[in-house]
Structures are given as C-alpha cells and as structure tokens.
Amino acid sequence: MIPSSMEVDGTTGWFDVLHSDEPEKWHDAVVWLKNSIIGNNKQKSNAINHGVIPRLLQWMIDDEISVDLRKEAAVVLGSIAKGTLEDIHSIVNEGSVPILLKGLNSSYLKYVEACLRCLRSIFNHDTSQIHLLYEDTSIVPVLLSVLPKSVCTQECITAILSSCCKTEDHQNILYRNGAVSALAPLLSSSPYKVQMPTLKCFAVMSYENEEVSKTIAAATYNGDSLPSLFVQLLSRDKTSEMQMAVAKCLTYMYRGGAMDHQDIKLKTLSTLVRMCSKDRTLEENVEGAETLAYLIEEDPELQQIASISDHIIKTLADYLNYTDVQQINTRTGQKKDVNWGDELKQAAFKAFASLGANDEDIRKKIIETNNLMEHIVCGLNSENYKVAMAAVRCLHSLSRSVQQLRTTFQDHAVWKPLMRLVQECPEEVLKVTSSTLCNLLLEFSPGREVSGHSKYILESGAISILVGLTKNPDPALRLNGIWGLMNMTFQAEQKIKTQIIEALGTDQLFKLLSDLDPNVLMKTLGLLRNILTNKLHIDSIMSLYGNQIMQAVVFILEGDHSTQVKEQTLCILANIADGDQAKSFIMENEDVLKKLMNYMLHTNTNLQIAATFCIFNLVWSEEEGAYTRQAKLRDLGVQKLLQQLLSTNDSTLFDKVKNALQQFT
C-alpha cells in the first residue's frame, strides 16, 4: 500500500517522482509502480512508454542506492517481463540482461531472487541473449553456487539452464562446471516446481551428447544412481508432465549409449506408447509420439516391441485424421492459433518412419493403414514445413520396401511434391529427401511410363539435381547423388544412360572414382556397370566414351583399393567384353589383358572368377572375330592359365574356367 503521507496528483505524478532527484520518494514510487502493473499489461506498456526501464536499471547498477530499492527495481522489472513479448523485447533492448546477471553476485538473497525471476521470464521467451551466460566464464559457476540458496533460486536457475542449453558447447560448459552433481539433489525431496525444470535440464544436457549422458548415468545421490531416481519419478502416480519429462531424459541417455536396453524396454517405451493414447492431452500425444520416434529410431528390437504395443499403429493413424485448429491462451493472455492437426500429423509421420525403419512386416502394417499414402502425399504438399519434412522421413522409411515400391507406391503421385522438396529444402534435410529420391528411383522405368511418373521425373530435372549432389562437399550427399544416378541407369533406355554420362562429364566421373569415401567409389562403379549393359548400349556408349571409360578402369585396377572395388571394376570389363565392337577396347590394350591374367592368378577367388568371366566373353566362339581373339589370347598364355585353374576347389570358378576353355576348342 502507498503511504498516505505522499500526495501525488494522478498517475503521471508518480512517474515524475521516479525520475525526480528526490531519493526519499523513490521507494514509495517504485512500490506504487509495482502494485499498478501487476497483472495489467496495459499499465506495463504505459510504464515502458514513461521510460521506467532505463530508470530501474540505473538504480540497479548504482552501488550507492540502497539494496532494498535495487531489489524493488528488479521485482518491477520481473513483473514487466511477465507481460507481452514486446515488453520482454523492450527490457532486453535496454541492456537489462548483463545487469541482471551481475546482480547474482549480491549478498542480498532477495535481490538475487528478483534478478533470477526476471531472467527466467526473459530466457523463457527470448533466446537472443543466451550467449551472455557463456561468454563470461564466471556466470555458470555463479548460477550453480547460488542454486542451493532457496526454493526460488532452485526453481529459477533450473528453468534458466533448461531454456539456455541449446548447443553441444552449452552442454559441455554446464557439465564441466559440475552441473550434474549440482542438480542431482533436486530430484528427490524438492518441490514439484523444482523437480520439473530439473528434469528438463537433465534432458537438454544429455540430448545427443554421449559424454554428458554417461556422466549422468554414472552419477549418484545419497547412494542412489540418477537413473534409478529417474525411474522412481516415472511411476504412474506421478503427473503425466513428469512422466513425459523423465521419459525424455531416459530416451536421450539411451541414445547417448548410457542406458541399458532392458531398462528402456520395460519402462520408458511403455510410458511413451501410453502418452500417445486418446485419453491424453494433445500436447502429450505429440510429445509422446515424437520422443517414441527418437527412442526407437535405430533399434530394431524396440521397433518390434513398440509396433505391437497398445495398438500404436492404429492410434498414430488416428492422428492423421485430426484437422481441428485449437485456440489456446498463451502466457500473455492473448489467443494463439495452434494447428493441432499439423502437429499430430508430423508426430505420426516421425513415429511411423521409426517403426518401419527395418522390418518389412511392420512397414506392411503401416502402409495398410487407411489412406496412409494419401496422407503422405498431402503431407508432402503441406505448407507447414515440419509436416512436409516428417512426411519425407516417413516416405523414406517405407520406400525401403522393394515390394511396396512395386505396388502401393506406383499408385500414388509422390513424385511431384518430392521433386519440389529436393530442389527447395535446406541442406540440413537434403540428406533424407535425396535418400528418399534414391529409393524411389529403384523402380524408375521410362519404358513402363507408369502413371507418367518416370516422364515427370526426367522433366523435373532429376538428372541435373543428382549430378549436382555428386559435387557437394558432404560425402553423404555425394553418395546419394551417385546412388540415384546408378538406380536410374538400372535396365534403363540408352537415351537415359547417354543423358546421364553427358550431364556427369568425364572430369566429374574421375573425381568420383578418386573419392575418399569408398561408398561413393563403389556406387560410381555400379553406375558404370549399369550403363554398360545390353550389347547395343555397350557398343554405342563405348563408341562415344570408350577411351575415357577404359582409362577409368585402368585407373582403378592400378590403385590401392579393396577387393570389392577391384571385383566391381573387373565386372565392368566383363560387360565391355560382352559388346560386339566394344571388345576391341580390351583386345587392343595389351596392358589390360595382362592385368586380367594377373587377376586370374589372384589369391582372392572372387577376383579370379570376375577376370575369368571377362576372358570367357572375349573368346565366345559364336561371335564374329572369335578365332582371331582366341589366337591372340592363346599366344599371351591365357589358355595355359585356364588349364592351370582347373585344379581349383571352388566350383563356381571351375565352371567359369571350364566354359572358357571350351571356347578355345
């Protein structure tokens, strides 16, 4: 209450007092201001317009001002920070965060608490100043030292840390300053309002951080391990909010390699599945499905268990039919549109993607869900970026099924939106979109023209897109580029093969054959092998690019490469040897012929088989010029080598050798 001894005319008078040179009146004016703005956003805006924020900050940095007045100033600032986002931005723009952080060094606990409450409100809605916590190396230690002082400091600091831990560097700074041991005591006997932000803090610290996850898993408090304390808080008598927070912690620790598979299978998985059920809130449905997707993403056993738990596939399918847009109240009291239909769709797509990542039977169950492919196509076309990317992930997972590619996928127009996304999406999600494109190109067939898909792919510039990916500095994207081109050339028309070679160019081909990533090299060889199939194609393509292709083959055979790479290269030579005119590129290159003979005597049987098969194609007696080729190879000693190989114990090699020798007779 404002003292009756103070007489001020109107609201403006109080603001004049705040800015006056009468220190004896400041405290009462601040108390008036505090009472007038509580719960009143209009009054908060009015106060900001009267320039109170710079005045409050001026008092807070003035050591000559009484600590009680500085505390009241911080309280008022904290009250303003509970207003609208515009109010928070006004506080931040006036440079309040460094002053509030400095206030944490005060010996007056009430002032420290007031600063912390204001910081919590700011960081909960404005992350632009997070860097200030980490640039000054003294801030985090101060926060952790203040943490045990009171319930208020515990509640505020855990909330601040959970809001401000955004990167791996942030995680590591907290971890190295002892955050794990400082937070551990708050899990057991603390009030709920402290436990919840503490759990969130452990979750954000452990997310995709193996070192921190293992440190948390190894930590103890009062003889109990932290994972055991987490599991206690996972029990069904706890609130859904707490169960969800604990499940996140355990999920992130498991993905960080810090949790035993059995513990996750028994408790965490069932909790997350339960969060997806109809009797939970929409927020819990979304969070439960997203966390479940992350938990099982790389674990086939967990995928299998989840798929048969509580009708999860049907439950997630119901998410896709939710279309209502809900109105919810935000912290500002304003209305905000939350499209729960979109939120549920993207969560369901992510969960389906993880469920179907490895098992064909699970994929079949998912695809048989009512109208799923239609939902995916709609998702790919969604203006909501999260929905579109989740739909791509789901499509990518389901496209691993060759059977579904040949059936269900052929009946749905997934190509058009996918091609658009491949060209428009940012690089961080280009891997999954381009991987999906590669999978779908397994069934690329211009000859069939099923629903016009293949024609659309070509007209959309798929070849140039994939060639562009082969030039990307990221090896995963280079791999996707060359993999997609390889899939396009499988049993393709000669026109397509020629277009790909022309678009790729021999310079880029040699760069790919020199790639440090062995997977890129293998797929490049696979591309050449696919291109050089069908006698007519082989002869035509070799007539145009024969010298460059032979140069590439020799380049690999002479290099220091694995057996698999050499075998693939020899298979390319065998394909060239199958052409009518293309044979001459091998027969006229004595160096290559000698290399074939060397590989016939190699210690690796697979290389012997590949080299022998190439010789067989060269000496096939029913083709024109066979006698001349046989004579030349006989003179080089190839026939004698074949006779030596008849002593092999490998049945496949023996058959290849026997068939080749029969051509000579």
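When I call a residue buried I mean under 20% relative accessible area, exposed is over 50%, and partly exposed is in between, using a 1.4 Å probe and protein chains only. With that in hand, hello everyone.

What you see above is a predicted model, where local features need pLDDT of at least 70, side-chain atom pairs count only at pLDDT 80 or more, and totals for chains, interfaces and linings use all residues. Residues are numbered from 1 along each chain as its sequence is written, and side-chain values use heavy atoms, with hydrogens and water left out.

E208 has a phi near 55°, which is positive although the residue is not glycine. Where does E208 lie? In the loop between α14 (192-206) and α15 (210-218). Helices here are DSSP runs of H or I with at least four residues, strands are runs of E with at least two, and both are numbered from the N terminus. E208 is exposed, at a relative accessible area of 56%.

N222 is the other one: its phi is near 55°, again positive in a residue other than glycine. This residue sits in the loop between β1 (220-221) and β2 (224-225), and N222 is exposed too, with a relative accessible area of 65%.

Now, the pockets. Rolling a probe the size of a water molecule over the atoms shows where empty space is left. The grid is 1 Å, over the protein atoms alone: a cavity is a set of points where a 1.4 Å probe fits but cannot get out, a pocket is an open set with protein on both sides within 12 Å along at least five of seven lines, and lining residues have an atom within 4 Å of a point. Points are joined across faces, edges and corners, and a volume is the space filled by probe spheres set on them.

The largest pocket holds about 1,500 Å³ of space. It has 36 lining residues, and K248, Y252, E287, E290 and T291 are the closest to its centre. Elements giving two or more residues to that lining include α12 (168-176), α17 (240-255) and β4 (335-338). Which element gives the largest share of the lining? That's α19, with 8 residues. By class, the lining divides into 14 nonpolar, 7 polar and 15 charged residues. Here nonpolar is Ala, Val, Leu, Ile, Met, Phe, Trp, Tyr, Cys and Pro, charged is Asp, Glu, Lys and Arg, and polar is the others, Gly among them.

On to the second largest pocket, at about 450 Å³. Of its 18 lining residues, E297, A353, R393, H396 and V432 come closest to the centre. Two or more lining residues come from each of α22, α25 (385-398) and α28 (430-440), and α25 gives the most, 7 residues. The classes there are 7 nonpolar, 3 polar and 8 charged.

There are also 2 cavities of 30 Å³ or more. The second largest cavity has a volume of about 110 Å³, and I501, L504 and Y545 are among the residues lining it. Its lining has 8 nonpolar, 3 polar and no charged residues.

Next, the rings. Rings of Phe, Tyr and Trp (the six-membered ring for Trp) pair if their centres lie within 6.5 Å; planes under 30 degrees apart are stacked, over 60 edge-to-face, and the rest tilted. The structure has 8 aromatic pairs. One of them is W26 with W59, tilted, at 5.2 Å centre to centre and 40° between the planes. W26 is in α2 (residues 23-37) and W59 in α4 (residues 52-60), 33 residues apart, and both are buried.

Then there's Y252 with Y294: their ring centres are 5.7 Å apart and their planes at 75°, so the pair is edge-to-face. Y252 is in α17 and Y294 in α19, so the pair ties together parts 42 residues apart in sequence. Both tyrosines, Y252 and Y294, are buried. Ring pairs also link Y207, Y252 and Y294 into a cluster.

Last stop, α40 (residues 626-636). Its buried residues are A626, R629, Q630 and L633. Why do they line one face? Seen down the axis of α40, they fall within an arc of 100°, the arc being that of the directions from the helix axis to the C-beta atoms. On the other side, Y627, T628 and D635 are exposed.
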